[in-house]
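Subject: Structure handover and findings

Dear colleague,

Please find below the structure that I am handing over to you. My notes on what was found in it follow directly after.

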Amino acid sequence: MAKMLDGPVPNGARSVSWPWYHHVLTNELTTEAKQLLSNYSGIPSTQMEAHVYSVRDKAWGIFPWPCVGEFWFLSFGLAKHPLYKNMVLPRLKAGQTLLDVGACLGQDLRKCIFDGAPATNLFASDLFPEYEELAYNLWRDRDRLPPGHFFADNILADNATFTSGSLMTRLGPGSVDIITATMFLHLFNYENQLKTATRMLRLLSHKPGSIILGSQAGSIDFGEQTLKPPFHRSETGSKRTVFRHNPDSFERLWKEAGQATGVPLKISAVLQAPADFLAAADSSFDYAVKKRRYLTRSGTRRLYFSIMRA
């Protein structure tokens, strides 16, 4: 049975009646997504929508994340980061390694390859091993990104399990130059965000300038927020929360992680202005709808961050 990080799929979560399960593609299939599906994956335009629907419903069967229902695997979050073009992509072309944590269907890795990064040093990790084959189904690129670049691992496992898992044994501690986490850390409460941060720092290269970067949902008013049904209860029935950061609280989180691991860090975090967040940051989505249905607090913003080893 597919699980959340601490229990099985909540009852009713796979219903296609939830508002985040989009029955019809509107403007999620952007020009950029079409370009990759056509020029990278070789999918004819007449077959593209059917192909996307088929993959999405298989991913929904693995786990019904709202981002899956909304086709976010067609959005290339890393490429939207301010450091992508001038730092990440040149470093990858020069041979540095990248690990995408919480990679889902590997869309960011495929965008990197399409933009000229060699596939040899690109890696992805997620909780569900089924994502590897489904990503090949979506992108049709087994010949360009051979097996062995995806690690099914639970970054929140107990220390013994994590240390013996694929990230630590197949990649290894201190082995990754660039770690990216797009729309990932905000899935957890503060305690688990801190745990995840320290695990990332264990994987990050010891070289100064090695970097962790990404984006996530943030908020002017930081703190724990209770999730809405059907994800609001853990397997034991306790309340499930996620922590939303503003730049100050995010910096405190990573300072704590750096102190715990003995890693000196330069931390940068910024909240995108709401007009940009709603209209420009992910222009492939109908944010008028998203704002009305899902952004439950007026202070919600997109938070972009980078954590560099000093």
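The secondary structure of this protein comprises 12 helices and 11 strands, where helices (H or I, at least four residues) and strands (E, at least two) are DSSP runs numbered from the N terminus. The model is predicted: local features need pLDDT of at least 70, side-chain atom pairs count only at pLDDT 80 or more, and totals for chains, interfaces and linings use all residues. Residues are numbered from 1 along each chain as its sequence is written, and side-chain values use heavy atoms, with hydrogens and water left out.

The average pLDDT (the predictor's confidence in each residue, from 0 to 100) is 90, and 89% of the residues score at least 70. Residues 276-296 have a pLDDT below 50, although this stretch has 43 contacts in the model beyond near neighbours in sequence; contact means heavy atoms within 4.5 Å. Where pLDDT is low, the predicted coordinates should not be read in detail.

Of the 310 residues, 54% count as buried, that is, under 20% relative accessible area, with exposed meaning over 50% and partly exposed in between (1.4 Å probe, protein chains only).

Strand 7 (residues 211-219) is largely enclosed by the rest of the structure, because nine of its nine residues are buried. Strand 7 pairs with strand 6 (residues 178-182) in the parallel sense over five bridges; two strands pair if DSSP finds at least two bridges between them. Ile-178 has Ile-211 of strand 7 as its bridge partner. Between strands 6 and 7 the chain passes through helix 9 (residues 190-203), and this β-α-β crossover is right-handed: with the strands pointing away from the viewer, the path from the first strand over the helix to the second runs clockwise. Strand 7 also pairs with strand 11 (residues 300-309), in the antiparallel sense over nine bridges. There, Ala-217 has Arg-302 of strand 11 as its bridge partner.

Helix 10 (residues 247-261) has 15 residues and spans 21 Å from its first C-alpha to its last, close to the 21 Å expected, which is 1.5 Å times one less than its number of residues. At its start, a side-chain oxygen of Asn-246 comes to within 3.1 Å of the backbone nitrogen of Asp-248. The buried residues of helix 10 include Phe-250, Leu-253 and Trp-254, and the elements covering its buried residues include helix 9, strand 7 and strand 11. Just after helix 10, Gly-262 adopts a positive phi of about 70°.

Yours sincerely

Notes. A polar contact is a pair of N or O atoms within 3.5 Å; within protein, one must be able to donate a hydrogen and the other to accept it, and residues adjacent in sequence count only if both atoms are side-chain atoms.
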